[in-house]
Amino acid sequence: MNKGPPSHRPNKVMIYPSDVEQKLGFDQIRFRLINYCLCSLGQKLVGMMQFSSDFEQVKTRLKQNLEFRQILDKGENFPTTNFFDPEILFQTIAIEESFIEEEELLKIGLSLQVIVDCQSFLNKAKEIYPALWKLSEPVNVPARIMSTILSKVDERGKIKDNASVELARIRKRLRDEEGRARKITEQIFRQAVSQGWVPEGVSPAIREGRVVIPILSEHKRKLRGFILDESATGQTIYLEPAEVLEANNEIRDLEHADRREVIKILKELTALLRSHLPELRQAYEFLGWIDFSRAKAKLAQDLDADLPQLSQSPDLNWIQARHPLLFLSLKGKRSIMPLTIDLTLKDRMLLVSGPNAGGKSVCLKTVGLIQYMAQCGLLVPLHDKSTIGIFRDIFLDIGDQQSIENDLSTYSSHLRNMSHFIRHATGDTLVLMDELGAGTDPNFGGGIAQAVLASLLEKRVWGVATTHYYNLKLFAENNSGIRNGAMLFDSRNLEPLFKLEIGKPGSSFALEIARKTGLPKQTIQSAEQIIGTDLTGLESLMKTVADEKQAVAKKEIELRQKEKILTDTLAKYEKLSAEIESRKKEIINKAKDEASYLLKETNREIEKTIRHIRENKAEKKETRKIRQNLETLSEKVAPSQSKPSSLGKEDIKEGDSVRLLGQE
């Protein structure tokens with residue numbers, strides 16, 4: 001499904017060597033996916049999953065993966081029961097006059113119901129999950145198949161009595177005959193018990209499909225019938241009474257008739273399936289993709305994986321990449337240092353150096369495994385702002401590749417790989433090389449490795465390589481198309497930081513690590529002399545640069561913290577200043593309003609006083625009354641603040657701060 005027309009398929013991809021998946025750990029990813037599948041339908045698709053360079057196919061697979069993860073994250077009620085793979089049954093169904101058994105028919109009926117339920121869910125949510133809905137769009141399960149099967153097969157996987165008129169008649173007679181045989185047997189059994197012919201604590205039993213009575217051996221001649229079996233000791237025989245023989249024979253005939261009628265019904269139901277076999281195959285292919293997508297979504301939840309930005313052409317700009325298997329193994333124990341790596345059209349290759357056990361190989365495998373997973377349609381543990389491109393090929397040279405069968409040394413195997421890379425790599429190839437140049441004389445190995453890098457750069461190959469060689473670090477520093485990268489190391493505590501820094505080479509810290517491990521001082525001094533002042537000086541210089549870099553980084557963190565405090569304080573001050581200014585304006589406006597009101601009231605009183613004096617011709621009694629009213633008004637409008645104490649001349653000295661009355 002969603003394979004696209006042949007004309008849209010890209011050139012055949014090249015994965016080298018053949019065991020890339022084992023070297024990267026992708027086989028463990030497959031194993032996890034298989035365990036998440038609900039049936040073999042999904043497991044088959046996990047096994048068929050391949051690295052693809054078809055951008056549209058990869059994009060569709062990733063969107064399906066993301067949508068199903070969203071279904072799981074939301075806890076939506078998506079069907080997860082009765083997933084069933086009928087592929088083997090289809091081979092039988094395809095044969096004319098063949099039939100499949102009742103239990104298998106029930107499984108098909110229930111799984112078809114699940115397919116219809118899945119399709120119904122996606123039809124209702126096609127706006128939310130369009131990529132998954134497209135999987136369901138061509139599916140057409142004839143309703144008649146499901147309803148017919150479930151109407152004739154019960155929940156125990158047996159054909160129902162009413163599956164046909166004839167079967168109903170046969171089973172009624174069968175029940176009647178079984179009841180008659182049981183009644184006769186019980187009568188004879190009670191008689192045998194009363195006579196003491198039966199061992200204590202036994203009851204009628206079934207032998208060879210017939211009802212029998214346990215009788216002590218010494219009394220076997222006292223009952224008419226047929227001996228069908230005896231106990232291990234021979235002390236008890238199992239006898240079919242002659243009176244029950246006819247009923248048992250009738251029961252046996254009816255059971256054969258029942259089976260013939262059941263087979264007839266099974267053939268009819270199988271023929272119904274046969275007539276719709278193409279639709280059924282398509283429906284179960286859809287169920288397989290649902291199972292597969294669900295398994296991928298479960299893995300994405302475990303990895304906290306997301307969908308990065310996709311590019312049709314090669315691109316690798318990753319933020320917070322985490323090695324999937326390392327992340328799973330350390331989950332709940334401790335966090336891992338994420339990897340940020342950026343390869344560009346200008347600098348397509350990265351040369352990573354640093355101390356042993358510092359994370360160089362993990363860095364390399366992180367790049368390889370995440371890229372491989374993404375092009376297999378799996379969400380990856382990257383920040384969603386990362387960009388991941390499509391490569392046509394992945395070439396890998398990692399680990400001990402010594403071959404006894406081909407009589408190749410480790411270094412010969414490396415050289416064979418390098419030869420393949422140079423001959424077949426293109427601008428669409430991602431090449432990953434661990435410990436480039438190692439395995440032989442460093443003087444020659446470094447030179448050959450440099451020549452290999454130069455050849456790959458000419459072919460504009462994308463890639464990551466790890467090394468300890470100084471000549472390769474200098475080559476990366478002095479040539480365009482490749483950059484140095486360092487796995488950082490805490491030189492004070494002599495511990496790896498597992499953090500990649502792009503732009504400068506890393507030191508191996510070999511002498512420092514040797515000192516930490518307890519090598520005698522004299523031995524280390526001798527080693528320094530053997531290595532030579534040039535190399536030890538360069539090593540020291542790189543160590544010093546690394547130390548200074550760490551110190552600067554620490555200082556930057558402190559400065560950022562102080563800058564943040566200053567910014568917060570300034571913001572707080574500006575906010576307070578704005579509040580004070582706003583409050584000041586509010587107080588002044590309120591004072592102006594009150595003053596305006598008092599002025600109006602004062603003018604009103606003055607006008608009233610003048611009018612009163614005129615009307616009363618300034619009589620003393622009325623004038624006194626008016627003066628009292630004015631004094632009351634004066635007290636009302638007087639300032640509320642207490643008056644400052646007056647000072648004499650002798651109290652004021654030069655340099656004192658003073659305030660003029662009525663001034664601010």
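The structure is a predicted model, in which local features need pLDDT of at least 70 and side-chain atom pairs count only at pLDDT 80 or more, while totals for chains, interfaces and linings use all residues. Residues are numbered from 1 along each chain as its sequence is written, and side-chain values use heavy atoms, with hydrogens and water left out.

**Overall make-up**
- The protein contains 20 helices and 15 strands; these are DSSP runs numbered from the N terminus, helices being H or I with at least four residues and strands E with at least two.
- Of its 664 residues, 42% count as buried, that is, under 20% relative accessible area, with exposed meaning over 50% and partly exposed in between (1.4 Å probe, protein chains only).
- Among contacts (heavy atoms within 4.5 Å) with a separation of 6 or more, 73% join residues 24 or more positions apart.

**Ile184**
- Ile184 belongs to helix α9, residues 165-195.
- Ile184 counts as buried because its relative accessibility is 19%.
- Beyond its neighbours within four places in sequence, Ile184 contacts Glu243 and Val244.
- Ala247 is 63 residues from Ile184 along the chain, and their C-alpha atoms are 9.2 Å apart.

**Ile448**
- Ile448 is part of helix α15, residues 442-458.
- With a relative accessibility of 37%, Ile448 counts as partly exposed.
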